[in-house]
Amino acid sequence: MELDYPYSNHMVLQRNKDIILSGTSEEKEVRMTFLKKEYKVPVNDGRWQISFKIEQPGGPYRMILTDDRDMLVLNDILVGDVYLAAGQSNMELEMRESKEKKLPSYRSNVRIMTVPKYIFPFEDDNQRWKELNEETVSSFSAVASFFSYYLDEDIPIGIISNNKGGTSASCWIEEEVLKSNNVLKGNVYDPYYDDLPSLDIQKEETEKYYNIFNNYQKELKEYINTHPEMTLSQIKNIVGHTPWPPPKGYYDYRRPGSLYEHMFKRTLYYPVNAVLWYQGEEDSPQYMYYSELLKTLIQSWRRAYHEDFPFFIIQLPEYKNSHFDEIRRVQRDVVRSIKDTYLVTALKTGDPDYIHPASKEEVGKRLAYSVAHYLYEKNTPVTPILDEETLTYDQDMKGNDVHLIVDGHACIGHIKNRKLIIPVQNYHMLAYANDDNPKVEIESVEGIPASPFRIKRKHP
């Protein structure tokens, strides 16, 4: 008898949602004992599944699974809230690569799991649940680690890190969904496959690339281990930057739909409380299609889970000459248009000259405070929301002068209490901080930057 991935010792099960435990057996029946309840299910064509729900958080618990031949015992199981930390490299970036290197302290009720990366030669590495502590934090997502630290809830917290650097949102959307969307098929999916060489040449080019890539990674890891005081940016200035990009084609993890199939679906039936999404950098050169990509991703993931769970979207930080301004605008507009999505600004945490900011603590903190505010009803600081009709924010703001663009002309506005005061009565277009590397002048009294904006009015 075997249990399907990712169920294991040390896991956190999502409270108040249907859990579907599944696996294989050569016998006719599988039995489970958990929380003083007995379950019995038949085995059909070698497979079985048990459905159950737990309302109250708690643990640690023991689960016993048996058939007529084997017995599996899972220990140290917790029940609480599970979060899916998804996206690309800035969510993937490990704690040992960050400026901070570690958390101030650790709680025994926080558990983590990293989904194995789908990368040539596609070797399976089923990483299991672990307790987040001084040893395990080193190779875990820095943003997700700080998120768990600042969330500071009494209930157990589980985090599934499912992300991959250098990936477009199209990698995380099911291939059939991409092909059924005319905008994405014509502008994202089909162009990827233009002018590809034969499969043999694709494999040969991929093997050559990963020879170079693996040697680089070996040198990089050795340097990280021997120079723990340095940030990833500092180290890469010495050893050089990652060989990029990998060859396109069948063996490329950046292929549209590939990571939906080979990473997202690995944990598809593991219930979560919300998605923490940090992505958009790879799509910035083709920002004009990002709105369709992000909306489609949110809708397709919710359909796959059969649930409209919350999405917390980290709005990209500063980075020069990048089209990040356009991506930020899309992220803001998507949150305004799709229910139960929330914007977490990352401005003032970026590095204008480096796409991977070394410090991840502030981003993780803002993310945690947003989740605490919207899901746990805590009075924590969150990204200010602007009412575009009245130009009024939903919280107290710092009283600053603000550089604005009104109908193409620069002017100075002012924040008074919650109100943005502008020097004109009527306008067609009002914009603030529309730049890849903007100057932040609007922020809450707690210091959380407001999102840049561009407001269009049909009638002045």
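**Exercise 1. How does α8 pass α9?**

Solution. α8 passes α9 in a right-handed crossing, meaning the near helix is turned clockwise from the far one by less than a right angle. This is a predicted model, where local features need pLDDT of at least 70, side-chain atom pairs count only at pLDDT 80 or more, and totals for chains, interfaces and linings use all residues. Residues are numbered from 1 along each chain as its sequence is written, and side-chain values use heavy atoms, with hydrogens and water left out.

Next, the geometry: the axes of α8 (residues 290-305) and α9 (residues 324-337) come within 9 Å and cross at roughly 40°. Axes here are lines fitted to C-alpha atoms over the stretch in contact, with angles from 0 to 180 degrees between N-to-C directions. Helices are DSSP runs of H or I with at least four residues, strands are E runs of at least two, and both are numbered from the N terminus.

Last, the label: α8 and α9 are therefore oblique to each other. Angles under 35 degrees count as roughly parallel, over 145 as roughly antiparallel, 65 to 115 as roughly perpendicular and the rest as oblique.

**Exercise 2. Where is Lys-36 found?**

Solution. Look in the loop between β4 (29-34) and β5 (37-42). Then check phi of Lys-36: it's near 65°, a positive value in a residue other than glycine.
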